[in-house]
Amino acid sequence: MTTRRRFTLTQYLIEQRRRFPSASGDFNALILDVALACKAIARSVAFGELGSVLGHPTPEVATSINVQGEVQKKMDVISNEYFTQMTEWGGHLAGMASEELEEPYQIPETLQRGKYMLVFDPLDGSSNIDVNVTVGSIFSVLRAPQDVIDSGRDVVEADFLQSGTQQLAAGYALYGPTTMLVLTVGNGVSGFTLDPNLGQFMLTHPDIQIPVDTHEFAINASNARFWEAPVKRYVDECLAGKPGPRAKDFNMRWIASMVAEAHRILMRGGVFLYPRDTKDTSKPGRLRLLYEANPVGMIMEQAGGRASTGEVPMLGVQPTSLHQRIGLVFGSKNEVERIERYHAEPVKVELHNPLFAERSLFRD
Ligand code: AHG
Ligand code: MN
Ligand code: MN
């Protein structure tokens with residue numbers, strides 16, 4: 001039997017670096033540190049109850065709440081620590097920002113500071129962790145502003161407020177039946193599967209492309225009464241199936257781990273919506289721009305898909321705060337464009353003529 005020769009993540013990164021002959025290698029080293037953090041998280045997740053990593057960080061308190069006002073799980077805290085500890089020492093980072101930390105994370109003064117900034121959601125879909133459903137980590141790499149690089153000063157919120165087009169790299173790890181790392185360094189999207197024997201990410205999915213059309217959508221339908229008209233129209237048309245305006249039947253999925261939905265869509269197409277809605281008007285969407293929407297958006301666009309707020313391309317949005325929330329639609333290009341079109345079209349005003357109402361003179 002001949003063994004198939006596969007690239008490791010390290011080899012892939014070396015190969016990519018050849019496009020930039022003057023590159024220092026710092027960037028590759030940073031990505032490998034991130035991959036190491038993901039491997040450590042994968043290992044903790046895999047031990048589950050045996051590793052005492054399920055549940056809340058402080059068992060005596062029924063629930064603990066993070067900066068987002070959301071319930072924090074023990075694995076959220078552990079994953080955040082793996083990310084900071086495994087990436088701070090290398091000398092490549094000027095600072096970090098995490099879903100779990102209200103303020104930017106400073107590289108300790110005893111360590112060297114570098115020119116990149118790492119922004120991450122250490123564990124996405126953590127409400128699924130206790131029920132053994134796929135979770136993941138999402139990350140984005142930005143360049144630090146020049147004065148930060150020159151002075152080595154502490155990073156502040158404003159340094160991170162860069163649009164998605166500024167991202168140098170983005171990726172996610174998926175802790176599912178297999179552990180995967182999906183990465184873009186701005187030259188397409190590649191998927192790596194963790195070989196548990198070697199402890200290495202192996203290139204298994206080179207140059208991932210998302211089908212432009214789909215008949216599968218993902219949305220939390222329990223929010224239907226809060227949706228805006230264009231979203232309601234889109235979903236109604238999908239549900240109408242073959243006899244409806246789309247003339248085809250649709251399938252629906254909802255895992256409640258955005259990173260797992262993103263991966264399914266990357267593998268076989270589909271569209272994901274967590275749109276802005278009227279459920280809580282203080283929150284313009286559920287998901288976060290800097291460490292959820294932007295990295296997944298870059299991956300989608302690099303794989304020939306599309307990511308949007310529903311109205312405008314996600315990657316063009318100028319962030320206004322570190323933990324900003326935003327409506328997010330991504331996936332198969334034609335479908336996302338259709339949703340954008342519905343948002344652009346004037347809302348059709350339904351005529352409520354009592355003569356034609358549900359029970360009226362002209363109806364039984
Ligand atoms: P996180 O676990 O990082 O807070 O993110 C959870 C997100 C996302 O992964 C998922 O799509 C969404 O929350 C699920 O929301 P619902 O509970 O409304 O379905
Ligand atoms: Mn998340
Ligand atoms: Mn999270």
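Guide: A polar contact is a pair of N or O atoms within 3.5 Å. The model before us is predicted. With that cut-off in mind, an oxygen atom of ligand 1 lies 2.8 Å from a polar backbone atom of Met258.

Visitor: Which residue has an N or O atom in its side chain 3.1 Å from an oxygen atom of ligand 1, apart from Glu99?

Guide: The side chain of Glu99 has an N or O atom 3.1 Å from an oxygen atom of ligand 1. For the other residue, an oxygen atom of ligand 1 is again 3.1 Å from an N or O atom in the side chain, and the residue is Arg286.

Visitor: What percentage of the area that ligand 1 exposes when taken alone does the protein bury?

Guide: Ligand 1 sits in the largest pocket. Taken alone, ligand 1 exposes 480 Å². Of that area, the protein buries 86%.

Visitor: Which element gives the largest share of the shell around ligand 1?

Guide: The shell around ligand 1 holds 18 residues, and Asp124, Gly125, Trp254, Met258 and Tyr274 are the closest. The elements that give two or more residues to this shell are β13 (271-274), β14 (287-288) and β5 (116-124). The largest share amounts to three residues, and the element that gives it is β5.

Visitor: What spacing do the donors of the manganese ion (ligand 2) follow along the chain?

Guide: The protein donors of this manganese ion (ligand 2) are Asp121 (OD), Asp124 (OD) and Glu292 (OE), which lie 1.9 to 2.1 Å from the ion. Both Asp121 and Asp124 are buried. Written along the chain, the spacing of the donors of ligand 2 is D-x2-D-x167-E.

Visitor: Are Glu99 and Leu123 buried or exposed?

Guide: The word buried applies to a relative accessible area under 20%, and exposed to one over 50%. By this criterion, both Glu99 and Leu123 are buried.

Visitor: What is the relative accessible area of Asn132?

Guide: Asn132 is found in the loop between β5 and β6 (135-143). Although Asn132 is not a glycine, its phi is positive, at about 60°. Asn132 is exposed, and its relative accessible area is 74%.

Visitor: Where is Asp207 found?

Guide: Asp207 is not a glycine, yet it has a positive phi of about 45°. Its place is the loop between β10 (200-205) and β11 (216-218).

Visitor: Which residue has a side chain joined to that of Arg264 by a polar contact?

Guide: Arg264 is found in helix α7 (residues 258-268). At 13% relative accessibility, Arg264 counts as buried. A polar contact of 3.0 Å joins its side chain to that of Glu261.

Note on methods. Residues are numbered from 1 along each chain as its sequence is written. Chains are lettered from A and ligands numbered from 1 in the order in which they are written. This is a predicted model: local features need pLDDT of at least 70, side-chain atom pairs count only at pLDDT 80 or more; totals for chains, interfaces and linings use all residues. Side-chain values use heavy atoms; hydrogens and water are left out. Donors are N, O and S atoms within 2.8 Å of the metal (3.2 Å for Na, K and Ca); water is not among the atoms, so sites may look incomplete. Buried means under 20% relative accessible area, exposed over 50%, partly exposed in between (1.4 Å probe, protein chains only). A residue is near a molecule or strand if one of its heavy atoms lies within 4 Å of it. A polar contact is a pair of N or O atoms within 3.5 Å; within protein, one must be able to donate a hydrogen and the other to accept it, and residues adjacent in sequence count only if both atoms are side-chain atoms. Accessible areas come from the Shrake-Rupley method with a 1.4 Å probe; for residues, only the protein chains shown count as cover. On a 1 Å grid over the protein atoms alone, a cavity is a set of points where a 1.4 Å probe fits but cannot get out, and a pocket is an open set with protein on both sides within 12 Å along at least five of seven lines; lining residues have an atom within 4 Å of a point. A molecule sits in a cavity or pocket if more than half of its atoms lie within 2 Å of its grid points. Helices (H or I, at least four residues) and strands (E, at least two) are DSSP runs, numbered from the N terminus.
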